[in-house]
Amino acid sequence: ILAPDERHAAWQTLTATSDLPAIYNPAKGYLASANNPPPRDVASKVGYFFSPEDRVLRMAQLIEDRQRIGVDDLKRVHRDTYVASSLALRDLVLEKIEALGLAAESGAKERAVLEMLRDWDGRYETDSRGAVAFEILRHVFGIQFYRTRFGEQDWAAFAGVGRVKSILLEDIERRDAADLRP
């Protein structure tokens, strides 16, 4: 990221509307968008920071095999709260907890939280105790995980990253379980 007052950082040209990413009559029969990145083969760069692809992939999954889609179908798609990347991270965290023997060492409250996590279906419904348990665990673990690796000041850079779950998933996968012990 460059300071805006640096001359070489200034835009030199404007991109015409006709040069922006566009799709007309897609072969799939639908177009889904959820602030996700445009296709990689797009010549014009429209940005560098996008939302994770969970929503757009889930939307596609819900409508992919349907011949016709009505208003009620679209309402269901937009109300859907399932997030596959959260479930993948949950599974990896539970796997590492088991590998470290932490579940066996835990008290009654910790075992109750682990049970909520195991029973969670990956949906962020308003009454989902598993979703709350997961997000608290992810938040607290993420702080501790990155603070020990990058120091008190630099760990905060990860807190605001929109793709923190995917980054955390990759980082945990690369670590030996023993490196994750509190």
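Reader: At what angle do the axes of helix 5 and helix 6 cross, and within what distance do they come?

Author: Please bear in mind that this is a predicted model. The axes of helix 5 and helix 6 (residues 129-154) cross at roughly 115° and come within 8 Å. Angles of 65 to 115 degrees count as roughly perpendicular, and helix 5 is therefore roughly perpendicular to helix 6.

Reader: Which residues make this contact of helix 5 and helix 6?

Author: Helix 5 contributes Val113, Met116 and Leu117, while helix 6 contributes Arg129, Gly130, Ala133, Phe134 and Leu137. Sorted by class, the contact of helix 5 with helix 6 has 6 nonpolar residues, 1 polar and 1 charged. The crossing of this pair, helix 5 and helix 6, is left-handed.

Reader: How is helix 3 placed against helix 5, and at what angle do they pack?

Author: Helix 3 (residues 84-100) and helix 5 (residues 108-119) have axes 10 Å apart and pack at an angle of about 140°. The two helices, helix 3 and helix 5, are therefore oblique to each other. Their crossing, that of helix 3 and helix 5, is left-handed. On the helix 3 side, Arg90, Leu94, Ile97 and Glu98 meet Leu114, Leu117 and Arg118 of helix 5. The contact of helix 3 with helix 5 comprises 4 nonpolar and 3 charged residues, with no polar ones.

Reader: Is helix 3 roughly parallel or roughly antiparallel to helix 8?

Author: The axes of helix 3 and helix 8 (residues 164-174) cross at roughly 30° and come within 10 Å. Angles under 35 degrees count as roughly parallel, so helix 3 is roughly parallel to helix 8. The contact joins Ser85, Ser86, Ala88, Leu89, Leu92, Val93 and Lys96 of helix 3 to Lys165, Leu168, Leu169, Ile172 and Glu173 of helix 8. By class, the contact of helix 3 with helix 8 divides into 7 nonpolar, 2 polar and 3 charged residues. The crossing of helix 3 and helix 8 is left-handed.

Reader: What volume does the largest pocket have, and which residues lie nearest its centre?

Author: Rolling a probe the size of a water molecule over the atoms shows where empty space is left. Here the largest pocket has a volume of about 910 Å³. Its lining comprises 29 residues, of which Asn36, Pro37, Pro38, Pro39 and Arg40 lie nearest the centre.

Reader: How many residues of that lining are nonpolar, polar and charged?

Author: The lining of the largest pocket has 18 nonpolar, 6 polar and 5 charged residues.

Notes
Residues numbered from 1 in each chain as written. Predicted model: local features only at pLDDT ≥ 70, side-chain atom pairs only at ≥ 80, totals over all residues. Heavy atoms only, no water. 1 Å grid on protein atoms, 1.4 Å probe; cavity = no way out; pocket = protein on both sides within 12 Å on 5 of 7 lines; lining within 4 Å. Points joined across faces, edges and corners; volume = space filled by probe spheres on them. Nonpolar A, V, L, I, M, F, W, Y, C, P; charged D, E, K, R; others polar. Axes fitted to C-alpha atoms, helices over the stretch in contact; angles between N-to-C directions. Helix = DSSP H or I, 4+ residues; strand = E, 2+ residues; numbered from the N terminus. Parallel < 35°, antiparallel > 145°, perpendicular 65-115°, else oblique. Left-handed = near helix turned anticlockwise from the far one by under 90°. Contact = heavy atoms within 4.5 Å.
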